[in-house]
Amino acid sequence: MKPRKLARSFLWILASLAILMVFVVLDWYPTVKELGRLRRERGDIERKVKNYSVMASSFVFPDPEENSLLARTSAELRRVLLQVDEDDAWPAMALLELQAQVRAERIANARVFFTFQALGTELGTAGPGRSAALADWLSLQVWDLRESFSITDQNRYPWHAVFSGSEFIRQQRLASRPLVVALAAPLPALLDFINHISWGETRLEIVRLHLEPGAALPRAWLICRGNYLVRKPSAWAVKEDSGTAGDNLLVDPDSPLLWQKVVPQAVVPAMKNELPPMRDTGLFIRKKN
Amino acid sequence: MADKAGRQADAPISRRSWPVWPLVIFVMLAAVSLLLHLEKASRQKSVLAAREQFAALVRAAPVEEVKAQRGRFYISQYYVGYPIKNSYAAADFVRRLAEAAAPPMKLLKLEINHGLQNFAFKLTAGVVAGGPEPARLLFSGFVESLRNFADISQASFSDPLPATALTPGGQRAMFVISISGQAELQ
C-alpha cells in the first residue's frame, strides 16, 4: 500500500514539474526575453529623443534665403549637363569642340576616338596623313588604352551621389561615355589644351592622362568622360546601381558644415584659370603665337 | 480484518482523493503568466509612445532632412566645379614638374589617374651620368623640389637605374628614376 501511495505522489510531483516546465519554456522565458528587448528599445528611443533634442537646439535651420538656394541645386545641375536627343549627338558636339580647341591652340597633330576599336578622327592643323607618327605611337599604347577605357565604363560611375533623387533624371536619361584625345605638340600648347579641355559645353572630365614630355615633340593621350542627358534610350545610360563599384563622393553626415546655414558667398565657384607662363628650362619649344 | 477491507472497498470515492494543490499551482502559474503579459503589453505601449514622440520631434525639427539637402548642395557644387579644377590641376602639375626637371634631367613619362578628390601619378625621369652616384646627386635636386609641391600628399622614389648601356667613349649612361605618389586636387 505504502509504495503505491509513494509512487502516486511521485507521479503528481512529476506532472506538476512538467506543467511548470511547459509554462517556463513556452511562455515565461519568451515573455521575459521580450520584456528585456522592449526595455532596451525604450531606453534607445529615449536616448535618441534626448540627443535629438540637444542636437536640434544647436542646429541652424534654413531661412527662406537658404531654402531658395537649396531648391535651386537641382536646376543648377540640370543647367550644366548637356542635353541631347540621342547618343549620336554627343560625339558630334564633343568633336566640334575639340576641333575648335585644336585650332585655337594651333596643334598640328591630334586624333580623337570614342570607342577602343575605332581608328578615330584626325584633327589638327597639319592636314590629313601628317599624324602617322602619332598613330604609330598610339599603336604602341594599345594595352594601356584598352585598360583605360574600362575605367570609364558605366559600372564605375562616380557621380551617383550627385544625381540620386534629382527629379530631371526621372524624365531624361543620364548617360556617361568616354573619349580619347591623343595629340603631339610643344609642351606649352599641350598643357594649354589639357587645361582648356573641360571648358566647353561637354565639360569633359579627365580620367587618365598619359604624357611623354621628353619626346622630340611632346605627346599625350587623355581619356575623358562626358556626362549628358539624353531623351531617347541610350546605350551609354548610367546604371542606377553602379555607385558602389567605383570611387564615390561621400559627405560626412557629422560634418559641422551641415549644421550651419549655407552661405552662397562661402562657396567659391571653380574659375577658368589660364596656366602661369612656363619658365623656359631650355628643354621645351615655346609655343609660337 | 476482512470486514474492514470490505468496508473500504464499498466506500464512495471522496473528492479529497483528487488533491487540490495541483489546481492551486496551475492557477498560480497562470497568474504569473498573466502578470508577465500585462507587463509586456504595458512596455509595448510605452515603446510605441516613445517612437511616436521621436517621430513628432523629427517632424517638428527635420535636422536630418536639412543636413541631406545641404550635403546635396555641397556635392552638386563640387560636381559643377570638378572638370575645370581637375583639368587645371593636371596641366599645372605637369607644368611645375617640367620646370623642376631642369637640364640635364629629362622628364620621360608621366601618368596621372584622376580620382574625385585627388590624383595618383607615376613619373619617370632620366639623366645621363657617369654612374649611379653622380646620377643620384643629379636626381636629388629634382626630388627635393618635389617636396615643395604643396599638393603632393605622398610619394615614393626608386633608386636610379641604368636604362641604356654605357656610351663607348664617355663612360656615361642614361639613368632613370621612378616616382609615384598622390596629390590633392586644390
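Across the interface of chain B and chain A in this predicted model, 27 residue pairs are in polar contact, with both residues of each pair at pLDDT 80 or more. On the side of chain B that touches chain A, the elements giving two or more residues are α2 (21-60), α3 and β1 (106-114) of chain B. Of the elements of chain B, α3(B) contributes the most to this side, with 30 residues. Sorted by class, the residues of this side are 40 nonpolar, 17 polar and 14 charged.

Salt bridges across the interface of chain B and chain A number two by the rule applied. In a salt bridge between the side chains of B:Arg51 and A:Glu41, the N to O distance is 2.2 Å.

The extent of the contact can be given in residues and in area. Chain A puts 90 residues into the contact and chain B puts in 71. Together the two chains bury about 7500 Å², and 70% of that area is on carbon and sulfur atoms. Within the area that chain B buries against chain A, 11% comes from B:Arg70, B:Tyr79 and B:Leu116, which is more than any other three residues supply.

One of these three residues, B:Tyr79, also belongs to the lining of the largest cavity. The structure has one cavity of 30 Å³ or more, and the space in the largest cavity comes to about 30 Å³. From chain B, the lining takes B:Tyr79 and B:Pro83. From chain A, the lining takes A:Val80, A:Leu81, A:Thr202, A:Arg203, A:Glu205 and A:Asn227. Four of the lining residues are nonpolar, two are polar and two are charged. The charged class covers Asp, Glu, Lys and Arg, so A:Arg203 and A:Glu205 are the charged residues of this lining.

The open space is a separate matter. The largest pocket holds about 480 Å³ of space. Its lining is made up of 21 residues, and those closest to the centre of the pocket are B:Tyr74, B:Ile75, B:Gln77, B:Tyr78 and B:Lys85. Helix α3 of chain B, residues 63-100, gives the most to the lining of this pocket, with seven residues. By class, the pocket lining divides into 14 nonpolar, four polar and three charged residues.

How values were computed:
Residues numbered from 1 in each chain as written. Chains lettered and ligands numbered in written order. Heavy atoms only, no water. 1 Å grid on protein atoms, 1.4 Å probe; cavity = no way out; pocket = protein on both sides within 12 Å on 5 of 7 lines; lining within 4 Å. Points joined across faces, edges and corners; volume = space filled by probe spheres on them. Helix = DSSP H or I, 4+ residues; strand = E, 2+ residues; numbered from the N terminus. Contact = heavy atoms within 4.5 Å. Buried area = accessible area lost by both parts, 1.4 Å probe. Salt bridge = Lys/Arg side-chain N within 4 Å of Asp/Glu carboxyl O. Polar contact = N/O pair within 3.5 Å; in protein donor to acceptor, adjacent residues only side chain to side chain.
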